[in-house]
Amino acid sequence: MLRLSKKSDYALIAMKHLATRPDGSGSSSAREISESYDIPLELLAKVLQRLVRARLLVSVQGTRGGYRLGRGAASISVADVIQAVDGPVTVTACSPDDHTCDQYTKCSIRDPLWKIKNRILDALNTVSVAEMSVESDAPVAAPPTVSRMMFVPPMGE
């Protein structure tokens, strides 16, 4: 099962929070974000510092300080956030550069799994923090099912 870490979850929550600030460039303190989403403050502070090191956030000093986005939300991908917090996205223990695995020469799933990883990464790169920040109240329409489709016979039969 592929699953994001809690750190990535918290990082994405914080990024979305900052992207939805009314003035677009306002800052929020770690405490404000932590209390808004019931995230442990110490863990969130560490996550935010990783995002600052990756230049996805800027730390603002002073009484009205806190954190703000390092650039526009539309130019920050979900992959950027996840990799800043958890490192490179992986689906296997080995990597293209790591030939130390005992199974490396005999492995029949390595290359297909790397392709899957690349597709996952491509998908994560196509979604921006700005897209995640758009609230949608409209329910997602379900795809048509067989019970909703009508069969119309061709004319003349």
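**Entry 1: a buried serine**

I began with a cut-off: a residue counts as buried when its relative accessible area is under 20%. I kept in mind that this is a predicted model. Then I looked up Ser8, which sits in helix H1. Its relative accessible area is 0%, so Ser8 is buried. What does Ser8 touch, leaving out residues up to four places away in sequence? I found Ile82, Val85 and Asp86.

**Entry 2: the whole protein**

Next I stepped back to see the overall layout. I counted six helices and two strands. Reading along the sequence, I noted the pattern α-α-α-β-β-α-α-α. The protein has 157 residues, and buried ones make up 28% of them. I also checked contacts between residues at least 6 apart in sequence: 61% of these join residues at least 24 apart.

**Entry 3: the core**

I remembered a general point here: in soluble globular proteins, nonpolar side chains tend to be buried together. With that in mind I looked up the largest nonpolar core, which holds 27 residues. Which of its residues touch the most other members? They are Met15, Leu48, Leu51, Leu57 and Val81. H1, H2, H3, E2 and H4 each supply at least two residues of this core. H1 gives the most, with six residues.

Not counting residues up to four places away in sequence, Leu51 touches Ala11, Met15, Leu56, Leu57, Val81, Ala84 and Val85.

**Entry 4: one side of H2**

I moved on to helix H2, which covers residues 30-37. Which residues of H2 are buried? I noted Ala30, Ile33 and Ser34. They cover an arc of only 100° around the axis, so they lie on the same side of H2. I then asked what these buried residues pack against. Their partners are helix H1 (6-19), helix H3 (41-53) and strand E2 (66-69).

**Entry 5: two positive phi values**

Before this search I reminded myself that most residues other than glycine have a negative phi. I found Asp38 directly after H2, with a positive phi near 55°. Asp38 lies in the loop between H2 and H3. Is Asp38 buried or exposed? Its relative accessibility is 72%, so I marked Asp38 as exposed.

Arg55 also went into my notes. Its phi is positive, near 65°, and Arg55 is not a glycine. I located Arg55 in the loop between H3 and strand E1 (57-60). Arg55 has 68% relative accessibility and therefore counts as exposed.

**Entry 6: H4 meets H5**

My last stop was a pair of helices. Two packed helices are described by the angle between their axes and the distance between the axes. I looked up both values for helix H4 (residues 78-86) and helix H5 (residues 110-125). They pack at an angle of about 115°, and their axes are 6 Å apart. H4 and H5 are therefore roughly perpendicular to each other.

Which residues make the contact? From H4 I listed Val78, Ala79, Asp80, Ile82 and Gln83. From H5 I listed Leu121, Leu124 and Asn125. I sorted the residues of this contact by kind: five are nonpolar, two are polar and one is charged. Ile82 was already in my notes, as one of the residues that Ser8 touches.

Technical notes: Residues numbered from 1 in each chain as written. Predicted model: local features only at pLDDT ≥ 70, side-chain atom pairs only at ≥ 80, totals over all residues. Heavy atoms only, no water. Buried < 20%, exposed > 50% of the residue type's maximum accessible area, 1.4 Å probe, protein only. Helix = DSSP H or I, 4+ residues; strand = E, 2+ residues; numbered from the N terminus. Arc of directions from axis to C-beta. Contact = heavy atoms within 4.5 Å. Axes fitted to C-alpha atoms, helices over the stretch in contact; angles between N-to-C directions. Parallel < 35°, antiparallel > 145°, perpendicular 65-115°, else oblique. Nonpolar A, V, L, I, M, F, W, Y, C, P; charged D, E, K, R; others polar. Core = buried A, V, L, I, M, F, W, Y, C linked by side-chain atoms within 4.5 Å.
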